[in-house]
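Subject: Handover of a structure and summary of findings

Dear colleague,

Please find below the structure that I am handing over to you.

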Amino acid sequence: MTTTPYIQFFDGANSDGSGTPSHELLGGKCASLVALTQAGMPVPPGFAITTASYDAFIAAAGIEDDIHVLLAGLDSDDVAEVDRVSAQLRFEIESRPVPSDVRAEFVAAYHSLQERFSEPVPVAVRSSATAEDLPDASFAGQQDTYLWLTGIEDVTEHIRRCWASLFTSRAITYRLRNNIPNEGLSMAVAVQKMVNARAAGVAITMDPTTGDRSKIVIESSYGLGELVVSGLVTPDNLTVDKIMLMVVKRAVGSKHAELVPDPANAGLVELEVSAERRVVLSISETEITAIATIAKKAEKHFRCPQDIEWALDRDLPEGANLLLLQSRPETVHSSGSSAARADAAPATPATGFGIESITRSLLVQAGKA
Amino acid sequence: MTEKSFPSPYDQAPAVGAEGWKDLYAYNLVFQENRREVEEGKFWFCDSQHWPTVTKPFETIGFEFAVSCLGQYNTRHLLIPPANGIEFRIHNGYVFMSPVGVPEAEIAPRVPEFMARAGHYFQNWETLLEQWQGKIRGTIDELGALSFEALPDQVDINDVTSGKGTGPNNDLLARYDELIALTYRAWQYHFEFLNLGYVAYLDFFSFCKEVFPGIPDQAVAKMVQGVDMELFRPDDELKKLAKLAIELGLTGLFGDTENPEATLAGLAAASAGSEWIVAWNEAKDPWFNFTVGNGFYAHDKYWMDHLELPLGYIRDYIGRLQSGQTIDRPVAELVAERDRITEEYSELLSPEQLAAFEGKLGLARQVYPYVENHNFYIEHWTMGVFWRKARELSAMLQQQGFWADADGMFFLRRDEVREALFDYVTGWAVGAPAIGPDYWPGEVERRRAIVDALQQQRPQPALNTPPAVITEPFTLMLWGITSDQIKNWLGDSDAPEGEFRGMAASSGVAEGPARVISSSDQLSEVREGDILVAPVTAPSWGPIFGKIRATVTDIGGMMSHAAIVCREYGMPAVTGTGTASAQITTGQWLRVDGNNGTVTIVPDHVVEGHGAAGHGVEGHRHDLTLAGDAAIQLEDALDGPVLEGSHA
């Protein structure tokens, strides 16, 4: 147990001393945040509560056998029974105390995170599942993200809720249907400084409409990025030349709503965006360049086109307020990138050079060819 | 939506006091009344990039020679398939142009001819260019050898006894004809390579636009640009001289650069001064054949003739070096940036595309230095000599009573100058006074008043109805006249109040106080950290580029000199804003975004300690009100308007 740590800071050394963060220990989400931080990206600071913490918790609670018994022989089509088992397991997890050694490390980490700021900062708690444990692993944030948490007790409670989310009805059914065994099931949790997004969105390091890899396409809207990711608002759409970092195309989106933190209710609230804010870009030229720069850096680091999530934190000073929330390989085009590029190839491939090609260019330019 | 148009030249009244202006110019240069239908059928744009102020009658030689030689190469030498030349007219004193297309049926037959002719040049570029150097330098030497002295009272006895058989009057007329002919020849040479430089550039440009749709024009320019151009040598020479002055401990001797004779004498007398003077003399010829104007106006000041200019710049450089500043252009950074950009685009190409990309880029880079360097040889060097000789002739005829002021000749057309000369030699021959002194002084003053009146009115950016899309390659490349630009002129721009849009000519973002400069004589007003705002700029403004943070011009495309120079100096620039210099006032806080081509007036910015602002505003107003008063300006040490070096 002493070799596997309960906690790993995003900007701390990998526990095994290797160059790559351990997916098994950190789960997908945290492993990615650690990798991005190590690549020098401005990831909101935080730490992972590793799968070792979960394992220690389950062991101390003595419920591992109960879990296997309850799950054994469950019929994925028996919705009522699945729901009943799910409720029981989650109750078991959420009501057990966290073992004191795990808790001590977490408390120390939490204070260490808070010490980086001049005043207490709220945090977000997110589950970070290992590969196939949960459906929609890559969209894990949606159901087990708890925002705007303050204070140790509140955070502890939500960490247990994340652990418990391994046993939602949906998760149980998913594993049953995909024959994923329950043995070795574990879960890491990310505790991260809350981003108070003034504007947020996504960026893809290619033009997804043409496959042109010399472009970065940014989508941006007010508030947190969830509305952009889920397609609930029409964001601003900006095409940036990747090499020159110059905007080459811009479309102002309608951006009718924004999701902003609601500290009072420890969550988010959707507000209407005023008419005058809708008709202007949600980010400045400087911010566009900064976002494109980060996206380009992520692509270079991971050596393939990336799809990133970013946010501009209103609590941070201008120039240091751009945060990278996520970066993952761009899958739509890069999987079939050669085909996509072939589609995008010009109708009259301008190969060759010299006088023939000069002549053709002149005629094309004048609309005579 | 109704189609928007520019006014017809036939519906525009001249400025008050400029009535009868058409008679100042040759019949073929003005819009003739009985050609209304023909002329209104064409779209004309004002070339205020090269001719920002009113052109005096003698000065039409600039656009007549330049633009006709450009046309000659497209139409007759190279047979560029889709493009003939560019027609030109003068309207209310300003120069307007209209590109001439090639009839559809003639395009295809021109292709093999073009390929044979242009192909030969591309294949033999270096050899032919070396030959060109010899030709142009020979022409400049011939121009330099011309002299215009008053005729002697009697023919030299030796000319009589040797049986020469002709008098000095014959030589005087011949030398005038030679002055014109040699200049025409130089302008032919100017276009021998230039159009080819542009088409090679255009080929690479089109390829980049195809494989990277929407690639910024600036990216293409940066991949092609050279960094060690002859056009930048004059400025580099000044920097070297500044460093040498420090090295030799001569910095205390630059106190009164306005008096070059005294300054140079002081330097020569100093202990280590002779070494510096040798270096100065070496730099002078040819590199001080450099104008603060653009070579198209009689009053353009050349460093060679105004040594206080280079001495003043050297003094400034010394000051900046002593305060620990770097004065060198960031050549290493420019090369690194060029290589980075080229490499990053290259990496995205398939092997076939990459081969084409490299081939086209290689050719563009080979031919491109000419596009920048020719400007030194023609506009600066040749035209510097031409105007010096023309001023010499004007002064000689002034002494003969033909006009009251030294610049009187420039109010005559060049063919009228020959008439006046013939009048002079006739009077000399006959032994009776010439008629000119009774005719020209009054006529010159009448014309001067008309030119002054014309000067009071700015030209329309264009005339008549624009075509739906601009496709003519040279119009796009040289003048930056795009369909968007025309939309801007017609007031269809969607730019918000206080914002100007132009061409993103040189990348980077900068903020600072505006310094509106409308004449090169105002250059001394430029302060450290200013943002230069001008109708156009000249390449010879290099020495002030170390002081400023960004440049904004009204006129000019991606290949205009303001754009080229700013890229070479690694400074943000927005060109072709249309009217920024008229709407921005000195001291206003500006944000210049050279990545997106926008200039914004930052309204609430409090400018502190910008004491020069008031002076600048005053200077600007002063210049505008006196803009028409060419008489005073010209008398008063050959004032120069702000002009831009030319490609055309």
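Two residues are in contact, or touch, if their C-beta atoms, placed from the backbone, lie within 7 Å. By this criterion V602(B) touches W589(B), L590(B) and R591(B), leaving aside residues up to four places away in sequence.

Some conventions come before the rest. This is a predicted model, in which local features need pLDDT of at least 70 and side-chain atom pairs count only at pLDDT 80 or more, while totals for chains, interfaces and linings use all residues. Residues are numbered from 1 along each chain as its sequence is written, and chains are lettered from A and ligands numbered from 1 in the order in which they are written.

V602(B) belongs to the loop that runs between β12 (598-601) and α21 (612-626) of chain B. Helices (H or I, at least four residues) and strands (E, at least two) are DSSP runs, numbered from the N terminus. A residue counts as buried if 20 or more other C-beta atoms lie within 10 Å of its own, as exposed if 12 or fewer do, and as partly exposed in between, with C-beta atoms placed from the backbone. V602(B) is exposed, because 12 other C-beta atoms lie within 10 Å. From V385(B), V602(B) is 217 residues away in sequence and 45 Å away in space, C-alpha to C-alpha.

The sheet of chain B

In chain B, 8 strands form an open sheet of mixed pairing, in the order β5-β12-β11-β7-β8-β9-β10-β6. Two strands pair if DSSP finds at least two bridges between them. The edges are taken by β5 (499-501) and β6 (503-506) of chain B, each of which has a single partner strand, so one side of each is left without a neighbour in the sheet. On average, neighbouring strands of this sheet are turned by 30° against each other, direction ignored.

Within the sheet, β8 (residues 531-534) and β9 (residues 550-553) of chain B pair in the parallel sense over 4 bridges; L532(B) has T551(B) in β9(B) as its bridge partner. Helix α19 (residues 561-568) of chain B lies across β6, β9 and β10 (573-575) of chain B and runs at about 45° to β6(B). Axes are lines fitted to C-alpha atoms, for helices over the stretch in contact, and angles run from 0 to 180 degrees between N-to-C directions.

Domains of chain B

Domain bounds come from an automatic or database domain assignment. For chain B it gives domain 1 (9-115 + 458-463), domain 2 (119-210 + 366-453), domain 3 (230-328) and domain 4 (494-635). The centres of domain 1 and domain 2 of chain B, taken over C-alpha atoms, are separated by 22 Å. Their contact takes 24 residues from domain 1 of chain B and 21 residues from domain 2 of chain B. On the domain 1 side, helix α2 (residues 60-77) of chain B gives the most, with 7 residues.

Chain A

Chain A has 12 helices and 13 strands, and buried residues make up 46% of its 369 residues. In helix α7 (residues 169-177) of chain A, the buried residues are A171(A), I172(A), T173(A) and R175(A); their cover includes α3 (64-71) and α4 (79-95) of chain A. Just after α7(A), N179(A) takes a positive phi of about 50°.

The domain assignment divides chain A into domain 1 (7-193) and domain 2 (197-344), with C-alpha centres 27 Å apart. Between them, 12 residues of domain 1 of chain A are in contact with 15 residues of domain 2 of chain A.

Where the chains meet

Across the interface, 32 residues of chain A are in contact with 43 residues of chain B. On the chain A side, β8 (236-241), β9 (247-251) and α12 (355-365) of chain A each supply at least two residues, and α12(A) gives the most, with 9 residues.

Confidence in chain A

pLDDT is the predictor's confidence in each residue, from 0 to 100. Its mean over chain A is 85, and 87% of the residues of chain A reach 70 or more. Among the elements of chain A, strand β7 (residues 215-222) has the highest mean pLDDT (96) and helix α11 (residues 337-344) the lowest (41). The pLDDT is below 50 over residues 136-142 of chain A, a stretch with 11 contacts in the model beyond near neighbours in sequence. Over residues 335-350 of chain A the pLDDT also stays under 50, and the model has 14 contacts beyond four places in sequence for them.

Yours sincerely
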